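The sequence and the structure follow.

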Amino acid sequence: MRVLLIGANGYLGRFVADRLLADPAVQLTALGRGDDADVRFDLASGSPGALTRFLDAVHPGVVINCAGAIRGGARELTRHNTVAVATICEALRRSGCGARLVQIGCGAEYGPSQPGSSTAEDAIPRPGGPYGVSKLAATELVLGSGLDAVVLRVFSPAGPGTPAGSPLGRLAEALRRAMQSGDGELKLGGLGVQRDFVDVRDVARAVHAASLSAAQGVINIGSGRAVRLRDAAAVLARVAGYGGNLHELDGPAGPMRPSIGHPRNDPEHAPPIAYPYPDGCGSWQQADVRTARDRLGWRPRINLEESLADIWMEAACRI
């Protein structure tokens, strides 16, 4: 099976590439903007016609799109998350390769949900920020393309390679600094949100399964369990062997302050409240993952403690 992987050097793409390369039946070609890609191509500025010619030459059976932007202004997010997917869809429509498309979406497309609920694929998406809007627009382009396509809505990926700017990455960095300086108390803010964390290696397994399946439409990929960030912080401290105290700056109902690992500013000069997740999903998110089980034969295998241990191992290397 010839697979064209777009975004192989990104956080998710690296693990998807590893998973595909371990399958002897897969012949993998990587397309991206970097010098280390097999083929250099910028989806945000390249023409569908140029991509069509490449598809006709390589003739992949599956195209997997892991590329995109998670930060930036609305214009940048739209270019890399929406315009890029429009280019892929148009190129596939023009091409004679007949490839199946596996698009990586995200849980942020749903927006805020009711605490205690599980979000299923038939929920009406109401993204709460430009990132979720740009990804939802991409999903709608894929679903309306007429292609053999599936969108995997990945909730909160965790595990090795977790970006330092993510909430779990910032927690690990705060612990590293505290242990390096011998601080007996770690002050943390913004721990009230609850998210559905899923290990990045389990995500890669889901992408592999989706590429082999005939499933279409939207499929949630998550653990099916929301975890409060303060509980993740406690597990991370235990995994790290941190013997100090974790001092939460804000109570369960209090505001979520701008940064994890920094003391609260003077109330008289407090900056505007910011949220530790820029995903616009409010205080709670939990995936209903029954469709992934039923249509892909997929279940998460790696628990959050193992994911956090891997995040800490990478942070500890910087001590």
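Are H3 and H4 roughly parallel or roughly antiparallel to each other? The model is a predicted one. The axes of helix H3 (residues 74-94) and helix H4 (residues 130-143) cross at roughly 10 degrees and come within 9 Å. Angles under 35 degrees count as roughly parallel, and H3 and H4 are therefore roughly parallel to each other.

On the H3 side, the contact is made by Ala74, Leu77, Thr78, Asn81, Thr82, Val85, Ala86 and Cys89. These meet Pro130, Tyr131, Ser134, Lys135, Ala137, Ala138, Leu141 and Val142 in H4. Sorted by class, the contact of H3 with H4 has 11 nonpolar residues, four polar and one charged.

The sheet is open and has seven strands, in the order S3-S2-S1-S4-S5-S6-S10, with parallel pairing. Strand S3 (39-40) and strand S10 (217-221) are the edge strands, and each pairs on one side only. Within the sheet, strand S1 (residues 2-6) pairs with strand S4 (residues 62-65) in the parallel sense over four bridges. Leu5 has Ile64 in S4 as its bridge partner.

H3 also packs on this sheet, where H3 touches S1, S4 and strand S5 (100-106). Helix H6 (residues 200-212) lies across S4, S5, strand S6 (149-154) and S10. The table gives the direction of each helix relative to S5.

Key:
Residues numbered from 1 in each chain as written. Predicted model: local features only at pLDDT ≥ 70, side-chain atom pairs only at ≥ 80, totals over all residues. Heavy atoms only, no water. Axes fitted to C-alpha atoms, helices over the stretch in contact; angles between N-to-C directions. Helix = DSSP H or I, 4+ residues; strand = E, 2+ residues; numbered from the N terminus. Parallel < 35°, antiparallel > 145°, perpendicular 65-115°, else oblique. Contact = heavy atoms within 4.5 Å. Nonpolar A, V, L, I, M, F, W, Y, C, P; charged D, E, K, R; others polar. Pairing = 2+ DSSP bridges.
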